[in-house]
Each structure stands twice: as structure tokens, then as C-alpha cells.
Amino acid sequence: MTGFDLLTRAADLDAADPLGPHRALFLGTNDDAVLSYLDGNSLGRPLTATMDGLASFVRDQWGGRLIRGWDEGWLGQAERIGDQLGRVALGAAAGQCVVADSTSVLLYKLARAAVAARPGRTEIVIDRDNFPTDRFIVEGIARERGLTLRWIDVAYDGGATPADVAAAVGPDTALVLLSHVAYRSGFIADVPAITGIAHDAGALVLWDLSHSVGSVPADLDAWDVDFAAGCSYKYLNGGPGAPAWAYVAERHLPTLDQPILGWLGSADPFAMGAAYQPADGIRRLVSGTPPIVGMLPMQDMITLIEEVGMPAVRAKSEDLTAFAVDAVDAVLAPYGVVLASPRAAQDRGGHITVDHPAFAGMVPELWQDGVIPDYRNPNGIRLGLSPLSTSFREVALAVGAIAARLEQAAHGAGADRLHPAARGAG
Ligand SMILES: Cc1ncc(COP(=O)(O)O)c(C=O)c1O
Ligand SMILES: Nc1c(O)cccc1C(=O)C[C@H](N)C(=O)O
């Protein structure tokens, strides 16, 4: 496939894409300065509706209702959006999800609650390639509680498998913490199988869905998951620093013992009581004031996903990553680029990673070309493909630009030798 073929094929795929028109709902998608934005799995683009919604919230709700807003709806908003997210993207019945804190803080609260629910058990199981915050959080909890970590090693293009987990868990395991979609390889873990294996060993499971929520469907209730949490600034387009969300299975709610006891997680916050009594239900996971303004953008995106439906979102995501893999094979493999993600579409989420020694330091050059992917140590370029805002043309342009930069690195070629796709030809 030449660069020109790549763009022609991308044009055909864009023309046939039923979700293609949704791209125009996002800000900046017609911006010529950014030819290709492939980092929506780190920070999703804003919806235009969000810009207008934020302005009207400030004017009418905050500015108009002032403190009365809390009684008129803000206090229940974290649970309402949690329920909507549960219904639309998580397979979770109402009353089990809430928006709060950051993913790191929620992982801490849930992991501490899980360990508290398994007294006498001394180990936490986690994989070595899990996202740093996940590893650091359980390292901290192990230090605090005198526990041991049991590490699972995973392949560079994979993640923890049921067999890995079966070999790691035992009578001492309190908790297994894994990611549904691996942040580097994009590997999709077999959540129901792994959850079942952990349960058979008497352990609880906490899943990090940061890289799947809004891109890969989840079925948390049916999968018998205990706890889950994830970001909302990736495929939920919640904006930089948007609050995270958590899921606690209904069966754990009455006994959930989380470590950050704040007034808004108490049964009757406005009683200003002397002693903490946890609220019934998911609100007992909350500590302080809900981040109302920060929740507005994600609500717009969850509503859009609800209209489109997760099956259509996932279908587009698989098509995008399949096209990206084909393009990598045809255009980048000849330069020695290696796919560091699963080859089968059903085994990977919404991003792929490709490795090459020259990738360290290349991303700033690609930014100059108007192409924005992600870089992950030691030498991976990550192509994050947001199903509702990424076009096939963006994939073609990015792969072409990477090829041009590799060509330059190999032969010192000038800008006139840039790959046609990198120049936006076609
Ligand atoms: C798998 C995973 N967990 C957690 C986080 C981060 O959490 P926080 O929002 O607390 O920075 C990220 C991304 O930053 C992530 O990819
Ligand atoms: N949360 C981020 C941030 O505050 C700055 C830069 C990147 C991020 C990310 O989200 C990284 C992302 N979770 C990852 O998988 O690498």
C-alpha cells in the first residue's frame, strides 16, 4: 500500500462510515493546524455542545440559582450521572456507580475497602505493566497494611490472561487489580473469566476501565465484578482533570469500608453530627463536595454515546484499529516498526502501540507536521482512535507522517521528500 493508496482507502472508509457525521460535533475537527489527533485516549476532544453548556451553566445555574442549586439538584448529580454511565457503557444497574475524585483516589479507596473486606489475607495481585498509578497505589496500600504484592509478568503486546491469574492467586490473595484494556498494548482482558478465577480463590477484583469506558462495552453486573473505576477525560471527553467514576457491586455496598470518611459520604451530612455514620448505598464512597462543573462535559458525551449506542461505537473502534494495523503493516513495517498490540481486533481496545528505536524524540517532530499521537516509554508511539471523533483519514495522515520522519531519520531526506500523506496530499 503506497501513501496515496492509504489516503484513497481512508477516503472510502470515511465515506462509508455511519458514524462519520458525528465528528463534526467535536470542536477543532476542521482545524487545519491539527491534521491528525490520535491522543483522544489521553485527552478526548471537547464537544461543541459542552462549550455552550458550560457557559449556560455558569450564567443560569451557578449565577442564577447560587447556593439553592445544591438543593435543586446538584447534590444528586454524581449519582445521576453514575447511573446513566452504568446504563449506557458499563452494564451496571442503578445505584452502583458514582462520579467523584480522580481515578487514583478512587482506586485507593476501593482497594483499601477490598483489603478490609478480606481480613487475614496478605497479598494483592497486579501485573507489572499496569498503569503506574495502579501499581503505586497498591504499593502504598501494601506498605500501610503490611501486605505483599504478587506481580504478574505480561507480554509486551498483551496483558494478564486467565492462566496468569490462576497461577498467581491463592488462599492469601485479598485483591486482584487489573486493567480491562491495557494502557500500552491495548490488550482486552477476559474480565468474566479472571473475575471468576479470583472469586474461586476467595479474592475480590478491582478493574481499572480507564482505557475502555466509552470505547469497549462492559457488562460489570453480568461479569460479577466487585469493584471498578476509570477516567472520564479519555473516551468520555470530560476534559482535563475531569472527575473519575467508580462502581461498587450492590452486594458490597452495605459493608463497604472505605478509608476517606468525609461529611458527604455520611448518612445525614446536614445534621453536622458528632460521629460518622456511612450513607446507605453508593454515596458512602463519596468523601467531599461533588465536582459539579467538572461533570458537565462527560454528561454531554455519555448522552451522545447513549444516542449512538455502544455496539456502534465498538464497531467503529474495531474498524479504526484494523485500518491502523493494516497501514502499519504496509507502510511502517518496512522501516522495522513492530506492532506492540494484539493482531486480532476482538483482543484489543481503541488504541494500538507501535515500537521503533527512532520513536523516542519523534513526537515533537510529528507535532510540527500537525500530527498528534502519544509516546510511551521506552520506544512506543501510541495511536489512540476515538470512535466518534477520529476519521480514517487522520489514521492515514499519521501513518504517512511517521513514515516520512522514519525516512528522514534513515536517509536525511529533506521536507520535499516527505511522504505524500504527511503533506496532506490526496
Ligand atoms: C489505566 C489508568 N489508570 C489511571 C489513570 C490516571 O488516573 P488519574 O486521573 O488519577 O490521573 C490513567 C491515565 O492517566 C490510566 O490510563
Ligand atoms: N491524565 C494525564 C495527564 O494529566 C497528563 C498527561 C497524560 C495523561 C493521561 O491520561 C495518560 C494516559 N492515562 C495514559 O494511558 O498514558
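Helix 10 and helix 12 cross with right-handed geometry. This is a predicted model. The protein has twelve helices and 13 strands.

**Overall build**

- The protein has 426 residues and a radius of gyration of 22 Å, which agrees with the value near 22 Å for a compact globule of that length.
- Along the principal axes, the C-alpha atoms fill a box of roughly 75 × 55 × 35 Å.
- Of the 426 residues, 49% are buried.
- Take the contacts between residues at least 6 apart in sequence: 72% of them join residues at least 24 apart.

**Helix 10 with helix 12**

- Helix 10 spans residues 310-332 and helix 12 spans residues 392-411.
- Their axes come within 10 Å and cross at roughly 25 degrees.
- Angles under 35 degrees count as roughly parallel, so helix 10 and helix 12 are roughly parallel to each other.
- On the helix 10 side, the contact is made by Leu-320, Phe-323, Ala-324, Ala-327, Val-328, Val-331 and Leu-332.
- On the helix 12 side, the partners are Phe-392, Val-395, Ala-396, Val-399, Gly-400, Ile-402 and Ala-403.
- By class, this contact of helix 10 with helix 12 holds 13 nonpolar residues, one polar residue and no charged residues.

**Helix 2 with helix 9**

- Helix 2 covers residues 48-65, and helix 9 covers residues 292-308.
- The two axes come within 9 Å and cross at roughly 145 degrees.
- The crossing of helix 2 and helix 9 is right-handed.
- Helix 2 contributes Ala-49, Thr-50, Gly-53, Leu-54 and Phe-57.
- These meet Val-293, Leu-296, Pro-297 and Asp-300 of helix 9.
- The contact of helix 2 with helix 9 divides into six nonpolar residues, two polar and one charged.

**Leu-147**

- Leu-147 sits in the loop between helix 6 (132-145) and strand 4 (148-152).
- Leaving out residues up to four places away in sequence, Leu-147 touches Val-115, Thr-122, Glu-123, Ile-124, Ile-141 and Ala-142.
- Arg-405 lies 258 residues from Leu-147 along the chain, and their C-alpha atoms are separated by 47 Å.

Methods: Residues are numbered from 1 along each chain as its sequence is written. Chains are lettered from A and ligands numbered from 1 in the order in which they are written. This is a predicted model: local features need pLDDT of at least 70, side-chain atom pairs count only at pLDDT 80 or more; totals for chains, interfaces and linings use all residues. Axes are lines fitted to C-alpha atoms, for helices over the stretch in contact, and angles run from 0 to 180 degrees between N-to-C directions. Helices (H or I, at least four residues) and strands (E, at least two) are DSSP runs, numbered from the N terminus. Angles under 35 degrees count as roughly parallel, over 145 as roughly antiparallel, 65 to 115 as roughly perpendicular and the rest as oblique. A crossing is left-handed if the near helix is turned anticlockwise from the far one by less than a right angle, and right-handed if clockwise. Two residues are in contact if their C-beta atoms, placed from the backbone, lie within 7 Å. Ala, Val, Leu, Ile, Met, Phe, Trp, Tyr, Cys and Pro count as nonpolar, Asp, Glu, Lys and Arg as charged, and the others, Gly among them, as polar. The radius of gyration is taken over C-alpha atoms; the globule rule is 2.2 Å times the number of residues to the power 0.38. A residue is buried if 20 or more other C-beta atoms lie within 10 Å of its own, exposed if 12 or fewer, and partly exposed in between; C-beta atoms are placed from the backbone.
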